[in-house]
Amino acid sequence: MNDGQLYSFQNWFKQHVSIFREVDPLHQRSLDMKEEHTFRVCTAIDHIASTLGLSANDIRIATVTALFHDIGRFPQYQKYRTFRDPDSDNHAKLSLWELNRHRVLHSLDLGERQIISRAIIFHNRLRLPETLDPQTLLHCRLIRDADKVDILRVMIEHFQGEESLRNPVISLGLGTETAVRDEVYRRLFEGKAMSYVSLKSTDELKVLQMSWVFDINFLPTLALLREQNAFGQLAATMPDTAMRNEALDFINDFIDRRLQNG
Ligand SMILES: [Fe+2]
């Protein structure tokens, strides 16, 4: 891929997103949020890939993956009025449909097109398949890290803001109650990323997002999250309980250990 191709993808993205423009400002706000998320994921992936010392071409592939990973969010919202996949459709699948329908990636060679397509289709899976080739695996890992960095930013800004101004689509329509069941914390202490199924409150969603730390692939991503104090800021939007503090300590210890061990 050359710089000209990357540039034309960026232009296509901006023009395509404008097709989904909404009359109602609340709906438009939901779409603006996804557009901004996309640009920020592009910035995060560029930072991670550059810090890792990847080639210029790998950085371009990663940037295009980031640019298109959530393009399916726009038709998803237009059709279903939600970003909740279980209530609508898998947005990663919708992203690929959208790209294929418009033959967006067809100017690329087959190898690069496949890497980007697979990285998009697997970006929101709980776990990656074990059979991926090294180049595909690299790009799957990059988009998953960069996406998590920015989803955490979105969540933090959302919950730091005034309750009446919050857009309910961000908290997936979950109630505002703050109760977190012990079993949700227990799963966090098992040190594994959790699934969205069976969440009962927005604060359980925050604990789920804290568990993402165990699924971060690259040290530059962990360093970025620590620098931003992402988990501390997210935890600060929850009631001050012993379990919350224990969970935050657990996460910070995990990050410190990984960064020390290199
Ligand atoms: Fe996504």
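Start by selecting A179: this residue is exposed, with 11 other C-beta atoms within 10 Å. The cut-offs are these: a residue is buried if 20 or more other C-beta atoms lie within 10 Å of its own, exposed if 12 or fewer, and partly exposed in between, with C-beta atoms placed from the backbone. Before going on, note that this is a predicted model, where local features need pLDDT of at least 70, side-chain atom pairs count only at pLDDT 80 or more, and totals for chains, interfaces and linings use all residues. Residues are numbered from 1 along each chain as its sequence is written.

**Around A179**

A179 sits in the loop between α7 and α8. Helices (H or I, at least four residues) and strands (E, at least two) are DSSP runs, numbered from the N terminus. Show S201 and D203 next: A179 touches both, leaving aside residues up to four places away in sequence. Contact here means that the C-beta atoms of two residues, placed from the backbone, lie within 7 Å.

**Helix α9**

D203 belongs to the buried residues of α9. Select the whole helix, residues 202-210. Of its 9 residues, 7 are buried, so α9 is largely enclosed by the rest of the structure. The buried set is T202, D203, E204, L205, K206, V207 and M210. What do these residues pack against? Colour α7 (134-160), α8 (182-189), α11 (230-235) and α12 (242-261) to see the partners.

**S211**

Step on to S211, in the loop between α9 and α10 (219-227). Is S211 buried or exposed? It counts as buried, with 22 C-beta neighbours inside 10 Å. Leaving aside residues up to four places away in sequence, S211 touches L188, K192, A193 and M194.

**Two positive phi angles**

Go to R81, in the loop between α4 (73-80) and α5 (91-101). R81 is not a glycine, yet its phi is positive, about 60°. It counts as partly exposed, with 13 C-beta neighbours inside 10 Å.

Then pick R103, in the loop between α5 and α6 (110-121). Its phi is near 50°, a positive value in a residue other than glycine. R103 has 8 C-beta neighbours inside 10 Å and counts as exposed.

**The two domains**

Colour domain 1 (3-147) and domain 2 (174-261) separately. These bounds come from an automatic or database domain assignment. The C-alpha centres of the two domains lie 25 Å apart. At the boundary, 8 residues of domain 1 are in contact with 8 residues of domain 2. On the domain 1 side, α2 (25-51) and α7 are the elements giving two or more residues. The residues on that side divide into 3 nonpolar, 2 polar and 3 charged. Ala, Val, Leu, Ile, Met, Phe, Trp, Tyr, Cys and Pro count as nonpolar, Asp, Glu, Lys and Arg as charged, and the others, Gly among them, as polar.

**Zoom out**

Finish with the whole chain. It has 12 helices and 0 strands. The radius of gyration is 18 Å, close to the 18 Å that the globule rule gives for 262 residues, so the chain is as compact as a globular protein of that length. That radius is taken over C-alpha atoms, and the rule is 2.2 Å times the number of residues to the power 0.38. Along the principal axes, the C-alpha atoms fill a box of roughly 55 × 50 × 30 Å. Of the 262 residues, 34% count as buried.
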